[in-house]
Amino acid sequence: MEGEPLVCTMAESYSTALEWKGSIEIGKRLAELVPSDLNFELDTSGDLAILIVNIVAGDLEKLRIQVDSLLALFSDKDQ
């Protein structure tokens, strides 16, 4: 059977995770700031909170912009 060749393209994806550790109170405040399109996990099972935010983007520039934006959001609220 002749026809168009099967072409498989794989899109590149870039990702990183930001991890924050600190008081449960501040962890909850930071978790509320995470944009709804990002996946995050807040673990408050111990004495400290651990917040992990996973960021995925189609290119490195978009990834950098998202990380910078998130860090700017967190910068005034982590104290």
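**View 1. What covers the buried residues of helix H2?** The cover over the buried residues of H2 includes E1, H1 and E3. Keep in mind that this is a predicted model. The buried residues themselves are Leu-63, Val-67, Leu-70 and Phe-74. Look down the axis of H2 and you'll find these buried residues within an arc of 65°, so they line one face of the helix. Here's the general idea behind that pattern: an α-helix has 3.6 residues a turn, so residues three or four places apart point the same way.

**View 2. Helix H2 from end to end.** H2 runs over residues 60-75, which makes 16 residues. From its first C-alpha to its last, the helix reaches 22 Å, close to the 22 Å expected at 1.5 Å a residue. Zoom in on the start of H2 and you'll spot Asp-59: one of its side-chain oxygens comes to within 3.0 Å of the backbone nitrogen of Glu-61.

**View 3. Strand E3 and its two faces.** Which residues of E3 sit on the covered face, and which on the uncovered one? Walk along residues 49-57: Ala-49, Leu-51, Val-53, Ile-55 and Ala-57 belong to the covered face. The uncovered face has Ile-50, Ile-52, Asn-54 and Val-56.

**View 4. E3 and its pairing with E1 and E2.** Strand E1, residues 14-22, pairs with E3 in the antiparallel sense, over nine bridges. To find your place in this pairing, look for Ala-17, which stands opposite Asn-54 of E3. Strand E2, residues 39-43, is also antiparallel to E3, and the two pair over five bridges. Here Leu-42 has Leu-51 of E3 as its bridge partner, and Asp-43 stands opposite Ile-50. E2 and E3 make a hairpin, with five residues between them.

**View 5. Val-34, a loop residue.** Is Val-34 buried or exposed? You'll find Val-34 in the loop that links helix H1 (24-33) to E2. Its relative accessibility is 9%, and because buried means under 20%, Val-34 counts as buried. Leaving out residues up to four places away in sequence, Val-34 touches Phe-40, Val-53, Leu-70 and Phe-74. Take Leu-70: it is 36 residues from Val-34 in sequence, yet the two are 7.3 Å apart in space, C-alpha to C-alpha.

Conventions
Residues numbered from 1 in each chain as written. Predicted model: local features only at pLDDT ≥ 70, side-chain atom pairs only at ≥ 80, totals over all residues. Heavy atoms only, no water. Buried < 20%, exposed > 50% of the residue type's maximum accessible area, 1.4 Å probe, protein only. Helix = DSSP H or I, 4+ residues; strand = E, 2+ residues; numbered from the N terminus. Pairing = 2+ DSSP bridges. Contact = heavy atoms within 4.5 Å. Expected span 1.5 Å × (residues − 1). Arc of directions from axis to C-beta. Polar contact = N/O pair within 3.5 Å; in protein donor to acceptor, adjacent residues only side chain to side chain.
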